[in-house]
Amino acid sequence: MRILLLVTAFNGLSQRVWCALQALGHDVGVHIATDGCDITAGVRSANPDLILCPYLTKRIPAEVWQHWPTIVIHPGPVGDRGPSSLDWAISDGVARWGVTALQAVEEMDAGPIWATRTFTMPAASPRKSALYAGPVADAALECVLEVVAKAADSSFTPTPVDRMPVEVPGARARPAMRQTDRVIDWAGPSEHIVRRIRAADGSPGALTEVAGLPVYAYDAHPGTVRGRRPGDVLLRREGAVLVAAGDGSVWLGHLRLAENDGDRPAIKLPAVTVLGSLVHGVAHAASRSGRGPQTASGYGQIRYRRAGVVGWLDFDFYNGAMAAGHCRRLLAGLRHAIEQDTRVVVLCSGTEAFSNGIHLNVIEAAADPAAEGWANIRAINEVCREIITCTRQTVIAAYNGSAGAGGVMLGLGADVVAARDGIVLNPYYDMGLYGSELHTYTLPARVGAERAARLLTDQVPVDAHRASWIDLIDEVGPRDPGVFLEWLMALAVEETDSALVRARSDAKHRRLAEGLPLGVYEVRELAQMSRDLFDDRFGFTAARRAFVTKAGAPTPGRLHLQPAFPMLAR
């Protein structure tokens, strides 16, 4: 079937859908929607059998939905309508939610229904982006596959929305959530504040004041310290600030200025970076332990624990973006883990993202973006080198979330690379950067030189199962995050066999001793990166600025309608 994905951006859900439909043998194209005329022209050019809209914020022209079957994936259950479905669901603390696949008609979200799924909401208030990337995306993909199957059945007729039972109590038409609906009262309960901010994460953020500065707040976590006056900034740690609330405190990891800074658009940045001198006198939260990365006052991006002879290093960076400081902290945590008397080290990410490589927002905001980018790539390379050269233990890199750009390459030097079913790996985007992360050493070693070159040239997403088939990764674990962690621990325990540890160590020693020294690969990569950063030979500055200001996002260029690429075909 010729299927066109009509999307506002080629986001994580759209990539999952593209991968799944490609795997089923469909010809799948992608059209980034801008205005009505552009949408109509793009659809006419593609002339698909079916249009799917997994992520679309634009109105679909009548010329399109009247002539081509057009199915919108709505992130709400039957009965829910409106552009802020997830915002309301999180803010209201609902117990169940859902996804609906409905046919486009003149009135938004009012068309007949092709498929629907419901799911239980997480017990703790989820971040909107995490809810979307997890339960919503899983349910949406099930709906998409059902839609495609029904589209091939000439006898199928979708059900009018008024004949469908409303499975989720309270599902109804709701208006767009406004900032007046997101008001934060710092004298109120911390749980309520966290829920309000998470309902607005990652867009548009919750408007508030921190240290007297009007900002949009993101990346909220409950704190464990009480302050005397609600709204006071109590502590800082790892770029975040702890703000006093009525019954406790709330960590804010990221902020965005409410107004542009002169000619520079306001962008989302670590909270301490945004607040600057306003928090220079604020104390740093100390670790609970003097050794190794630990949580403090309820907040920490990196945590280390041991389970027998397995060392477990968890890391969770907001949106998977890793500035130089994040890389240095991860490197310190990794070195601490390697110093311990263990046989296996598991490097496990959060569920939203394993890594998306260097931190474009921090680079854009720097006084000298080229120098900041250079420091960032050097710092992430140090993490890659530590993984590659660790021979004391077996290193397992666990992609518990999706990865993009250099973040895909980050863990490839591990002895074992495991990924959770449902995640997507998206190699280097067309951002005007050659890339580093020692990928010229690790990627060909895993998939071969020819396939490595094709991956870097095609720049198309690969799901976990396809990544396993082409040997980009070694193991695929269960989709459910909790079950995945249990499976991962069992895998780590299997790897603790002393003979297996020695065999993997010997293999790594041999690999490092063969051919060129590891440093040569890095020097060659950095030579290319220096020209991209300092000479801007391929337009990294413009591409980066468009990305961080949401004026445009990198989208692989070879996603026009065509059969599955030979390099990915089974």
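A disulfide is a pair of cysteine sulfur atoms within 2.5 Å. By that cut-off, a search of the whole structure, which is a predicted model, finds zero disulfides.

**Cysteines**

Two cysteines show how the cut-off applies. The sulfur of Cys53 lies 14 Å from the closest cysteine sulfur, that of Cys143, which is too far for a bond. Cys53 is also buried, with a relative accessible area of 0%. For Cys19, the closest cysteine sulfur belongs to Cys53, and the separation of 18 Å is again too far for a bond. Cys19 is buried as well, at a relative accessible area of 6%.

**Backbone geometry**

Most residues other than glycine have a negative phi, and most peptide bonds are trans. The residues and bonds in the table depart from that pattern.

| Site | Feature | Value |
|---|---|---|
| Asp201 to Gly202 | cis peptide bond | omega about 0 degrees |
| Ser203 to Pro204 | cis peptide bond | omega near 10 degrees |
| Asp219 | positive phi | about 60 degrees |
| Glu238 | positive phi | about 50 degrees |
| Gln459 | positive phi | about 55 degrees |

Gly202 lies in the loop that runs between α6 (190-198) and β7 (206-210). Pro204 is also in the loop between α6 and β7.

What kind of element holds Asp219, a strand or a loop? Asp219 sits in strand β8, which spans residues 213-222. Asp219 is not a glycine, and its relative accessible area of 4% makes it buried. Glu238, likewise not a glycine, belongs to the loop between β9 (233-237) and β10 (240-244). Is Glu238 buried or exposed? With 16% relative accessibility, Glu238 counts as buried; the cut-off for buried is under 20% relative accessible area.

**Helix α13**

Helix α13 covers residues 449-458, and its buried residues are Ala452, Leu455 and Asp458. Viewed down the axis of α13, the buried residues fall within an arc of 145 degrees, so they line one face of the helix. Ala449, Glu450 and Thr457, on the other side of α13, are exposed.

**Packing of α12 and α17**

Helix α12 also packs against helix α17 (residues 518-534), with an angle of about 115 degrees and axes 8 Å apart. The two helices, α12 and α17, are therefore roughly perpendicular to each other. On the α12 side, the contact is made by His439, Thr440 and Tyr441. On the α17 side, Leu518, Tyr521 and Glu525 take part. Sorted by class, the contact of α12 with α17 has three nonpolar residues, two polar residues and one charged residue.

Note on methods:
Residues are numbered from 1 along each chain as its sequence is written. This is a predicted model: local features need pLDDT of at least 70, side-chain atom pairs count only at pLDDT 80 or more; totals for chains, interfaces and linings use all residues. Side-chain values use heavy atoms; hydrogens and water are left out. Buried means under 20% relative accessible area, exposed over 50%, partly exposed in between (1.4 Å probe, protein chains only). Helices (H or I, at least four residues) and strands (E, at least two) are DSSP runs, numbered from the N terminus. The arc is that of the directions from the helix axis to the C-beta atoms. Axes are lines fitted to C-alpha atoms, for helices over the stretch in contact, and angles run from 0 to 180 degrees between N-to-C directions. Angles under 35 degrees count as roughly parallel, over 145 as roughly antiparallel, 65 to 115 as roughly perpendicular and the rest as oblique. Contact means heavy atoms within 4.5 Å. Ala, Val, Leu, Ile, Met, Phe, Trp, Tyr, Cys and Pro count as nonpolar, Asp, Glu, Lys and Arg as charged, and the others, Gly among them, as polar.
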